[in-house]
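I opened the model and kept a notebook as I went. The entries follow.

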Amino acid sequence: MEAASGSSASRARELSRNQRRDSEGSLDFPNLEFEYGDSDSIVAELSELYSYTEEPEFAANRDCFEEDFAIHGKGKKWVELEENEHKSYLMRLLDGLEVISRERRLKFARAILYLAQGVFDDCYTETEVVHWARYNVFLLYEMGTFGALVELLNMEIDNSQACSSSLRKPAISLADSTELRVLLNIMYLMVEIIRREGEDDKPEWSSARDGFRTELSSLVYNGEPFAVLLFSFVNKYCNGHTPHCPIKKVLLLLWKTILFCFGGFETVQELKMEKRAKLGLPPLLENSIQVTRTLRATSPPASAMDILEQQQKRGRRGRRDSLDIYCERDEAREEEDEADDGDSGIEGEVDPLEREALIQDLHSPGLAPERWLFPRCLPWATKVREKDIEEFLEVSRCKFIGFTLGNDTETLVGLPRPIHNSVKTLKQHKYVSIAEVQAKMEEELQKSPVSLGAEEVEQTSVEILYQAMLYNLPQYMIALLKIQLAAAPTSKAKTDSINILADLLPEEMPNTVLQSMKLGIDVNRHKEIVVKAISALMLLLLKHLKLNHVYQFEYVSQHLVFANCIPLILKFFNQSIMSYVTTKNSIFVLDYPHCVIHELPELTTEVLEAGDHTQFCWRNLFSCINLLRILNKLTKWKHSRIMMLVVFKSAPILKRVLRAKQAMLQLYALKLLKFQTKYLGRQWRKSNMKIMSAIYHKVRHRLNDDWAYGNDIDARPWDFQAEECSLRVNIEMFNSRRYGLHHTDLEFAPVDNCLQSVLGHQVSLPEDFRYSYELWLEREVFAHPIHWEDLLQPLT
């Protein structure tokens, strides 16, 4: 009987454990092993340039090349010729781009595109295709191909005939943008391949890369950088002047041009360290990129459905007896032991299964004890602003002395010893940002423009681009957000919205189910790539502009906010992010360069669904992180914009984002939740303690930040409109002083007050003036009395 009762107790205990696992099973999401970077692999980036409806054009490019190369190639293949023979043939192709006939120009451009695509008909593997694409692209740049392509692109942009013919059609299709797509394909391949450093690069390739970067950043193309030409192209497209524009290719080329000229996220970190040293600031506390990569994903918070299911399963247990009570006590004891071990997933510690695996590895020889110590410290060093110290001392002086000393942070007379220790601790963790130094320098220049003299502005690539796009910058930002709205998966199709599928739809619509499935996958993939390009482009612009000058960053940020960027990003995240991240809208056999090397199989359902076996879609996860980072940059330290997050009810949206178990994605979602936590009320904080704990473990701490409490929030007289207006005034004063954006006359030009020099100036008068001289004197001089006594009056 005792054995039977023991076995039944063990079965009941096992059953209770299984029930608990089942109740938590809906919360078990896989960890997404994603490494964030500037871009994906070169093969993935090249494949995303082409739509699946463009697949027949690979053969057209090859045919155009072979038709001409058969005459001048001496019976050899391209891979068999010497470099000087390659150059002589390329000169012939470049000469062909200058012919008058549009059809012949297109054939020569297709032949050049085939070379940039890696002469795939002479290759047997994808590695060979990439190798010959690199060789040919550097050869094309050396021969001056890019400048010729820019001239042709300008001609196509200004081609009003192509625009009018496309508007007369009932539906714009792939055929309306053939010339533009061929040119943009070649330019994208040149920019993307040249910007990437390879292990087998020749020494001359490195110098060519530097020269190409300088060329794209300089005022070479019609007195503007190349990126401004693309920005204006995007603006024309959004205004309806170029409806046949292949907008996806333009955005990809614009993003890679900015990435090539400015540098990626690692470059931003290096430039930030150099600039801090130049301004005399202490070095950075840590490398934010490296710290972010070491973070672990947390278990997502339970949704309402998960909690309901868990309660229903607990309610099915029926009549309670002593065995049930025993099992519940045993289960509670196990939960207490787990809590003592600190392995709760939301705190970001090691999961129990992972901990067991690690402990088993401890006994293997060769492992030092330091390897198996579980870290307990917080990932980020704390920071304190100068403004925080001033506010702390202001409150302390009002409390203990009864008056304040303004911005004085050194005088501590009359304050008790604990306040002295607090100020000392705050100053130990004080962090002065580059933006604070730049804002203070700008304030001094506005106060003393004459005594401080003219500011020496370093003409970096970022500065040159900002100056070139300054006057039309609001239109550029609005255009990007319009396209982002049209490409968002949650947006509904409207008749007045932008048609971003003009370079995707075939001339003849599909008439079978499989062709419709293929086109549907292509459309979804097309939208995802557009979102990826715009999010990466905007993030790079914001990061580099903030480093160059804070008011350049604020100018772009304010126009993004005024154009409803914040609700647009929240609208994007108002979906199942886990589904968006894991959905793969791709057909592996149709991706370049796989489709040009291998023979394409017959189109079936299995072929459409076949693909890689990764957990997630790289571009979608990349886009989500970029959009969260943009939202962080727009709202950080801006109370008016944080209140926009509260008003638009972003908390439940961001809470759903946490269900994707990726550390970087969760970090930026938690930052946005931390901004608004004190505005959400005590009840929200009480019911979301797991999120509060995750914020504590993941997000950087500010020593005197009351984010978790929200004391006297309702009593604070926030004037959000005045905050934005004050920022706008500072931005306009900066643009007026440095670039003369809002006035044309020179405010501080010297005035000549010497009577002799003024009368000695040669004044050009019309020929007939001497005939009407006396009439002019009578009307303009003698008719107006002169009040000499006014000169004796004191100035008021």
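**Around helix α4**

I began with what covers the buried residues of α4: the list includes α3 (56–72), α5 (102–116), α6 (126–142) and α7 (145–157). Helices here are DSSP runs of H or I with at least four residues, strands are runs of E with at least two, and both are numbered from the N terminus. Buried means under 20% relative accessible area, exposed means over 50%, and partly exposed lies in between, with a 1.4 Å probe and protein chains only.

This is a predicted model: local features need pLDDT of at least 70, side-chain atom pairs count only at pLDDT 80 or more, and totals for chains, interfaces and linings use all residues. Residues are numbered from 1 along each chain as its sequence is written, and side-chain values use heavy atoms, with hydrogens and water left out.

Which residues of α4 are buried? I noted His 86, Tyr 89, Leu 90, Leu 93, Leu 94 and Gly 96. They cover an arc of only 145° around the axis, which puts them on the same side of α4. The arc is taken from the directions from the helix axis to the C-beta atoms. The background is simple: an α-helix has 3.6 residues a turn, so residues three or four places apart point the same way.

I then checked the length. Helix α4 spans residues 83–96, 14 residues, and reaches 20 Å from first C-alpha to last, close to the 20 Å expected at 1.5 Å a residue. The expected span is 1.5 Å times one less than the number of residues.

**Helix α3**

I moved to α3, one of the helices covering α4. It has 17 residues and reaches 26 Å from its first C-alpha to its last, close to the 24 Å expected at 1.5 Å a residue. Its buried residues are Glu 57, Phe 58, Asn 61, Cys 64, Phe 65, Asp 68 and Phe 69. These pack against α4, α5, α9 (178–195) and α28. Just after α3, Lys 74 takes a positive phi of about 60°.

**Asp 122**

I looked up Asp 122 in the loop between α5 and α6. Is Asp 122 buried or exposed? Asp 122 counts as buried, at 16% relative accessibility. I set aside neighbours within four places in sequence and found Asp 122 in contact (heavy atoms within 4.5 Å) with Lys 77, Trp 78, Val 79, Tyr 114 and Glu 128. Val 79 is 43 residues from Asp 122 in sequence and 7.1 Å away in space, C-alpha to C-alpha.

**Backbone checks**

I went through the loops next. The peptide bond from Tyr 592 to Pro 593 is cis, with omega near 5°. Pro 593 sits in the loop between α27 (577–582) and α28 (594–597).

Asn 222 has phi near 55°, a positive value in a residue other than glycine. I placed Asn 222 in the loop between α10 (203–217) and α11 (226–238). Asn 222 is exposed, at 64% relative accessible area.

Asn 564 also is not a glycine, yet has a positive phi of about 65°. Its loop runs between α25 (550–562) and α26 (565–573). Asn 564 is partly exposed, at 46%.

**Cys 565**

Cys 565 is in helix α26. At 0% relative accessibility, Cys 565 counts as buried. Beyond neighbours within four places in sequence, Cys 565 contacts Leu 481, Leu 560 and Leu 634.

**α31 against α36**

At what angle do α31 and α36 pack? I have about 130° for α31 (residues 639–647) and α36 (residues 720–739), with axes 8 Å apart. Axes are lines fitted to C-alpha atoms, for helices over the stretch in contact, and angles run from 0 to 180 degrees between N-to-C directions. The two helices are therefore oblique to each other. Under 35 degrees counts as roughly parallel, over 145 as roughly antiparallel, 65 to 115 as roughly perpendicular, and the rest as oblique.

His 639, Ser 640, Arg 641 and Met 643 in α31 meet Phe 720, Glu 723, Glu 724 and Leu 727 in α36.

**Whole chain**

I closed with totals. The protein chain has 38 helices and 0 strands. Of its 796 residues, 47% count as buried.
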